[in-house]
Amino acid sequence: MSIQRSFLAWGTLSAALFLADCSEPSMSTGIPVAGPDVAVGSSESPAASSPKADEATATPPRHDSDMTAAPAVADAPKPNYRIAFVGDQGANVNTQAVLKLIKGSQVDLMVVLGDFDYSSDPNGWDKMLTDNLGDNFPVIAAVGNHDTGAWPGYRTKLATRLAKLKGISCEGDYGVNMKCKVPGITLAVSGVGTMGTGHEAFLEKTLSEAQTPWKVCNWHKNQKKLQVGGKSDEVGWLAYETCLKFGAFVATGHEHSYERTHLLSSMERQTVVSKENKLVLEPGKSFAFVSGLGGREVRDQELTGDWWAKIYTSNQSATFGVLLCDFNIDNNPRKAHCQFKNIAGQIVDDFQLESKLPVN
Ligand SMILES: [Fe+2]
C-alpha cells in the first residue's frame with residue numbers, strides 16, 4: 001500500500017499514462033509495477049521461478065565470507081546481490097552470447113540501459129529475452145532512442161515481466177521517470193535526453209528520499225565528455241550532477257563501447273578526486289560508466305581524458321560484454337565489487353566500491 005500511496009501522491013500524467021497502457025490485471029488496481037517485498041530468487045521463491053535455481057549447486061560462491069563484523073545497515077542488499085548493466089543489445093548472435101553470459105553469471109537483476117533490438121519489435125525482443133533467460137528473469141530497462149517508436153509495446157512487456165518478480169518494486173513512469181527498489185539499493189531509471197520531461201526534478205526527489213546505502217542512476221544517452229566515441233551532449237549536466245550530489249553512480253549506454261571514469265567530484269568538469277581502484281562513494285563524489293557492448297556493434301575510441309579509468313573500444317580490440325556488480329560482499333553491506341566481463345570470458349575491468357552514503 002505504501003507503494004500505491006507514494007505513487008498516487010506523485011500524481012503525474014505520465015505515470016497515469018503508464019498505468020493506462022499496462023495490460024496486467026494488477027495494473028488496473030492502481031498498483032503500478034511491484035512484487036511482494038521478497039528477495040528475487042530467494043529461498044522464499046519457488047525453486048522453479050528462481051533464475052539461479054539451476055546453477056545454485058553447480059557454481060561456487062562468488063565471494064568468500066570472512067565473517068568479520070559488518071557495519072549495521074538497516075536496509076542492506078542481499079549478500080552478493082549481482083546486477084548486470086548492459087545496453088545497446090541488437091538481436092543477433094552477439095546479443096545472444098551476452099545474454100548467455102548473463103544467464104550463466106548468477107545475475108539477480110539485469111538493467112538494460114536502452115536501445116533494445118533496433119527493430120521496434122517488442123514481441124521479438126521479449127521472446128529473445130525469454131528464450132535466453134526465461135520468462136521470469138529479473139529485468140528492468142531505461143528507454144533508448146531506438147526504442148521510442150514502439151515504446152508502449154516495450155513498456156507493456158517490461159511491466160508484465162516486472163509484475164512477476166519478487167523482491168523488486170518500481171513506481172512511476174516506466175523507463176522514463178521510474179524509481180526501483182531492491183533491498184539496500186535504489187535505482188533511478190530515467191529517459192533524460194531521450195523521452196519525457198522533468199527528469200532532473202525526479203532524480204532529485206528520488207535520490208534525496210532514498211535511505212539505501214547504494215544509489216544508481218540509469219539512463220541511455222551521454223554527455224560528450226562522459227563517453228569516448230562520437231556522441232554529443234544529449235543529456236545535460238544537471239542530471240549527472242544531481243546523481244553525484246547524492247553519491248549515486250551513473251550507468252549509461254548509447255555509445256557502443258565500455259568506459260568508466262575515476263572517482264569524480266564534478267561530472268561537468270571531470271574533476272578527479274581519486275584514481276584508486278576502490279572508489280569511495282559519498283555525497284559529492286561518484287563516477288559514471290558507459291556499458292554499450294550488449295551485442296549491436298563495437299565502436300572506436302575518438303576521445304580521451306585523464307578522468308578515464310578504463311576504456312574498451314575497437315581500438316583496444318574490444319568485444320561484447322556486460323558490467324557485473326556485486327553488492328554486500330564479504331559480509332559488508334557497504335562494499336561492492338564490479339567487473340566488466342566479455343563473451344570470451346575475459347575480465348576487462350575490475351574495481352571495488354565502498355559506500356559512505358548517509359542512511360537515517
Ligand atoms: Fe542509442
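Guide: Start with the buried side of helix α5. Its buried residues are Trp 151, Tyr 154, Arg 155, Lys 157, Leu 158, Ala 159, Arg 161 and Leu 162. Keep in mind that this is a predicted model. Helix α5 covers residues 151–163, which makes 13 residues. From first C-alpha to last it reaches 18 Å, close to the 18 Å expected at 1.5 Å a residue. An α-helix has 3.6 residues a turn, so residues three or four places apart point the same way. Among the buried residues of α5 are Trp 151, Tyr 154 and Leu 158.

Now step back to the whole chain. The protein has seven helices and 18 strands. Of its 360 residues, 52% are buried. Take the contacts with a separation of 6 or more: 76% of them join residues 24 or more positions apart.

Next comes the core. The largest nonpolar core holds 91 residues. Ala 84, Phe 85, Met 110, Val 111, Ile 140 and Cys 243 have the most contacts inside it. Strand β16, residues 321–329, gives the most to this core, with six residues. Leaving out residues up to four places away in sequence, Ala 84 touches Ile 102, Ser 105, Val 107, Met 110, Val 111, Val 322 and Leu 324.

Then the loops. Lys 78 sits in the loop between β1 (33–34) and β2 (81–86). Lys 78 and Asp 108 are 30 residues apart in sequence. In space, their C-alpha atoms are 9.9 Å apart.

Two other loop residues have a positive phi without being glycine. One is His 254, with phi near 80°. His 254 lies between β9 (249–252) and β10 (258–261). The other is Ser 317, with phi of about 55°. Ser 317 is in the loop between β15 (308–312) and β16. Their surroundings can be set side by side. His 254 is buried, because 25 other C-beta atoms lie within 10 Å. Ser 317 is exposed, because it has 8 other C-beta atoms within 10 Å.

Methods:
Residues numbered from 1 in each chain as written. Predicted model: local features only at pLDDT ≥ 70, side-chain atom pairs only at ≥ 80, totals over all residues. Core = buried A, V, L, I, M, F, W, Y, C linked by C-beta atoms within 7 Å. Buried ≥ 20, exposed ≤ 12 C-beta atoms within 10 Å, placed from the backbone. Helix = DSSP H or I, 4+ residues; strand = E, 2+ residues; numbered from the N terminus. Contact = placed C-beta atoms within 7 Å. Expected span 1.5 Å × (residues − 1).
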